[in-house]
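Let's walk through this structure together, one part at a time.

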Amino acid sequence: MKLTGAQILMKVFQEEGVDTLFGYPGGAVVDIYDELARTDIRHILVRHEQGGVHAADGYARASGKVGVCLVTSGPGATNTVTGIASAYMDSIPIVVITGQVPTHLIGNDAFQEVDIVGITRPCTKHNYLVKNIDDLARILREAFFLARSGRPGPVLVDIPKDIARATAGYKSPKAVKMPSYNPTYNPNMHQLQKVVKLVQDARRPMIFAGGGVILSKSAPELTEFARKAKIPVTTSLMGLGAFPGSDPLWLGMLGMHGTYRANMSTSACDLLIAIGVRFDDRVTGKTDAFAAQSKIVHIDIDPTSIRKNIPVTIPVVGDCKITLGHLNRLIEALDLGDLDDRRREWLDTIAAWKSTQPLAYQQGETIKPQFVIEKLYELTRDRETIITTEVGQNQMWAAQYYHFEKPGHFITSGGLGVMGFGLPAAIGAQTACPDSLVVDVAGDGSIQMNIQEMATAVQYGLPVKVVILNNRYLGMVRQWQELFYECRYACTSMEHAPDFVKLAEAYGAVGLRAEKPEEVEAVLREGLFSPRTVIMDFKVQQTECVYPMVPAGAPITEMLLV
Amino acid sequence: MTEENHVLSLLVDNEPGVLSRIVGLFSGRGFNIESLCVAETTEPGISRITIVTKANAPVVEQIKKQLNKLINILKVYELTGQDFVQREMALIKVTAKPEHRAEILRIVDIFRCKVVDVGQEHYTIEVTGDQGKLAAIISLLKPLGIKEIAKTGIIALFREPK
């Protein structure tokens with residue numbers, strides 16, 4: 001059977017179970033779009049290609065499937081770079097299809113030509129330029145395979161216009177075989193025996209879980225392990241939801257804006273079991289001082305994550321789900337004695353840290369941003385709610401004051417820290433989960449970085465809710481200036497902003513505003529229960545800071561507190 | 001921790017962009033490349049790349065892991081610390097004044113090199129050996145005036161058990 005490149009692309013989309021695309025057409029992909037229109041694949045027309053990639057990212061995280069984004073050559077392709085880099089840092093499985101100028105023009109500085117494969121080499125798991133129509137089907141299947149297997153990540157496929165139009169024989173798919181790509185899923189059992197021994201001997205163990213637990217869908221195994229061995233759990237920002245926020249063993253988030261008890265625990269523990277993390281500098285602070293008293297076990301599917309930043313006692317390369325499954329079986333067979341008795345002192349110490357230094361803020365005349373998140377949590381805790389965030393203070397307050405019970409319900413640009421991520425990611429999540437309540441927690445700065453996606457949300461009837469914590473500042477940078485730059489507020493004031501209520505209305509959405517603490521709940525109720533797309537503008541205290549805070553490069557236990 | 005030279009030997013898919021991925025990895029992550037050699041093997045579609053990098057032990061460990069992670073890399077071997085042979089070739093264009101010609105040829109003879117190009121004013125010498133030998137001949141020829149030099153960088157293979 002002879003098919004065109006565009007038809008082969010659609011065939012592979014169907015083979016791979018792709019039912020939704022986020023994209024933006026252009027000259028180099030017009031043949032692909034022409035073919036797409038003949039399929040029943042749903043296409044969400046974003047308003048900027050960056051938004052398209054973030055939406056695919058949000059879709060992937062909310063659905064557990066590979067997110068797909070389709071854009072044209074040149075500027076269409078370069079606009080995807082931030083989204084790709086964010087997905088790469090957070091190991092999110094997405095496939096980005098870019099159009100390219102016809103093969104005979106490549107290298108000639110043709111109209112809308114850019115070497116996107118060259119540009120995205122360092123920020124993709126892998127990428128391809130298709131130069132021969134006969135390679136197209138294989139490359140596309142490899143792209144999906146690579147994106148979702150091992151440590152997931154973004155894969156880009158650059159398809160020249162003439163390849164989309166050329167024809168080739170199409171064969172049914174066979175299993176993808178890549179001799180140079182063999183992720184290690186099964187851990188070394190010998191290493192696991194050593195881990196179990198450490199668990200048995202530890203007096204003050206703790207678990208530090210990350211995004212890898214969520215990506216490998218091993219939150220149930222993690223919870224079982226922690227409860228069985230009675231080990232308190234902290235997570236990175238990316239790991240929020242990997243362990244129930246209501247569990248007594250929950251320590252809160254670790255790191256620069258982590259809880260007092262989580263950060264203090266790392267310096268007091270004698271065994272740190274790190275699972276699916278990469279020890280980002282925002283988590284470790286000064287690396288020499290991080291968990292300096294402790295033996296460290298590090299479980300991760302990517303060997304490069306192990307011993308990259310932190311020396312470890314026992315490295316375990318393997319899939320988190322498989323590894324935790326083995327650990328649970330091994331622990332089962334073990335006599336851990338009276339765990340209540342053994343852990344009492346350690347858990348009492350942690351409880352004391354919690355009661356002396358809980359997450360806290362002071363109420364005032366003006367709306368406190370933390371109060372908005374607390375109310376948001378109260379009003380949505382019984383509904384299936386997905387929280388996305390922008391980046392900065394809004395992201396940290398959402399991480400601190402919203403409590404996540406399940407994985408896949410907190411979607412944030414963790415590694416790259418992309419302002420403008422939350423709204424398009426919410427659109428992607430809402431597309432994947434039409435029955436969920438999807439809320440983007442935003443700041444007045446970041447929301448303006450991809451505000452144009454409001455039109456996308458309204459066009460497709462996606463009822464995402466945007467909660468703007470509006471402090472008229474680039475708040476996180478302002479906070480750094482206040483704390484470390486002697487209050488010199490260089491270029492962080494955003495006095496002039498659009499009227500977000502009118503802006504929402506201009507987009508055909510609902511706009512609401514609260515200016516006093518007593519208005520917060522009513523606005524949230526009205527906004528969250530609306531069937532439409534809504535922006536809620538909360539005029540919050542302008543100079544509120546996120547606490548605790550560990551100054552960059554300081555030991556994680558040296559926190560500035562409220 | 002001390003930084004030392006490590007010889008890495010990679011088998012890679014012979015595809016466009018593979019070298020760029022490797023070089024990009026080194027520059028992007030701040031690793032050093034002391035020398036780099038690429039050529040096809042006898043197996044179609046597979047090339048061997050020999051890289052010499054200067055790094056301390058944990059960094060070399062990280063370099064090897066990062067290289068292994070690249071999709072087009074089939075195998076990463078570290079030769080340093082094991083039994084292996086290494087060779088480098090240099091072409092040295094040395095000023096050859098009449099009064100120095102005999103001495104240059106003596107050096108060529110002692111080092112078992114070849115003169116591959118001769119002119120009124122120069123000899124071009126081809127020399128092959130390990131880095132010590134190359135350094136030695138270069139230091140002997142330097143006072144006579146080296147006009148230009150081109151080196152291949154190291155290539156290396158494991159020794160087989162005898």
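Predicted model: local features only at pLDDT ≥ 70, side-chain atom pairs only at ≥ 80, totals over all residues.

Which residues meet here? On the α3(A) side, they include G51(A), H54(A), Y59(A) and R61(A). Facing them from α18(A) are, among them, P424(A), I427(A), G428(A) and T431(A). By class, this contact of α3(A) with α18(A) has 10 nonpolar, six polar and two charged residues.

Stepping back, chain A is divided into three parts: domain 1 covers 2-169, domain 2 covers 189-355 and domain 3 covers 369-539. Taken over C-alpha atoms, the centres of domain 2 and domain 3 of chain A are separated by 31 Å. Each of these two domains of chain A gives 14 residues to their contact. On the domain 2 side, those residues are eight nonpolar, five polar and one charged.

Now turn to chain B. Here you will find an open sheet of four strands, in the order β2-β3-β1-β4, with antiparallel pairing. Because β2 (35-40) and β4 of chain B stand at the edges, each has a single partner strand, and one side of each is left without a neighbour in the sheet. Neighbouring strands of the sheet are turned by 15 degrees against each other on average, direction ignored.

Within this sheet, strand β1 (residues 4-13) of chain B is joined to strand β3 (residues 46-55) of chain B by 10 bridges, and the two run antiparallel. To see the pairing for yourself, look for D13(B), which stands opposite I46(B) in β3(B). Helix α2(B) lies across β1, β3 and β4 of chain B, and runs at about 160 degrees to β4(B).

Finally, how do the two chains meet? Chain B has 16 residues in contact with 12 residues of chain A. On the chain B side, the elements giving two or more residues are α1 (18-28), α2 (57-69) and β4 (73-78). The largest share, six residues, comes from α2(B). By class, the chain B side has four nonpolar, seven polar and five charged residues.

Definitions and conventions: Residues numbered from 1 in each chain as written. Chains lettered and ligands numbered in written order. Contact = placed C-beta atoms within 7 Å. Nonpolar A, V, L, I, M, F, W, Y, C, P; charged D, E, K, R; others polar. Domains from an automatic or database assignment. Pairing = 2+ DSSP bridges. Axes fitted to C-alpha atoms, helices over the stretch in contact; angles between N-to-C directions.
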